[in-house]
Amino acid sequence: FYGMRKSFLKAYWYGQKGKNYLEEVIEIDSTYYDAYLGLGIYHYLADVLPKFVKVLSFLLGVDGDRDKGIYELNLAAEKGVYTKTEAMFFLSAIYTYREKEYKKAVEILNKLLSKYPNNGGALIHLGRCYSYMGKCELALKTFQKILEQGEKNIRLPITSLHYQIGDVQY
């Protein structure tokens, strides 16, 4: 939240504090896989911050690690009880928008959609993956499935969905 508001000092302060709590949980019980969601997000994001922010992070002792973050998110996605779904969504976003590993994102999104077949967020995300992969027909088919649910069931502005459809058609 604070990072999105560009209040990086607060983001670091609360991020570090939260990370410390989660590490304490893991120290007590390393099989409490739900704690790895927060750790994974922290480690990943702390490593992929913009360069001007990374200088500040070094001074504040923030220890990011992209690979460790992905590993921890995978632990939460595979073995978590309460955070499995959130970890899968976060991983799919990382693979789509940061890592450009669309096949991995599609695999995760299809698992999510097998459990939540009408989830508009997962569907639009899947459609974007297909679009980035150059699979325009699959992207359009996915976006059309969202439209068929009706506007009342879509939790994003309908104009955003129409933009995605126009972008793929372009």
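Residues are numbered from 1 along each chain as its sequence is written, and side-chain values use heavy atoms, without hydrogens and water. In this predicted model, local features require pLDDT of at least 70 and side-chain atom pairs pLDDT 80 or more, whereas totals for chains, interfaces and linings use all residues.

Four aromatic pairs were found, a pair being rings of Phe, Tyr and Trp (its six-membered ring) with centres within 6.5 Å, classed as stacked for planes under 30 degrees apart, edge-to-face over 60 and tilted for the rest. The rings of Tyr-97 and Tyr-132 are edge-to-face, with centres 6.2 Å apart and planes at 80°. Tyr-97 belongs to helix H5 (residues 84-98) and Tyr-132 to helix H7 (residues 120-132), so this pair ties together parts 35 residues apart in sequence; helices are DSSP runs (H or I, at least four residues) numbered from the N terminus. Tyr-97, Tyr-102 and Tyr-132 form one aromatic cluster. Relative accessible area is 31% for Tyr-97 and 41% for Tyr-132, so both are partly exposed (buried is under 20%, exposed over 50%, partly exposed in between; 1.4 Å probe, protein chains only).

Thr-142, in helix H8 (residues 136-148), is buried at 8% relative accessibility. A polar atom of the Thr-142 side chain lies 2.7 Å from the backbone oxygen of Leu-138. Beyond neighbours within four places in sequence, Thr-142 is in contact with Leu-123, Leu-126, Gly-127 and Tyr-130, contact meaning heavy atoms within 4.5 Å.

Conventions: Helix = DSSP H or I, 4+ residues; strand = E, 2+ residues; numbered from the N terminus. Polar contact = N/O pair within 3.5 Å; in protein donor to acceptor, adjacent residues only side chain to side chain.
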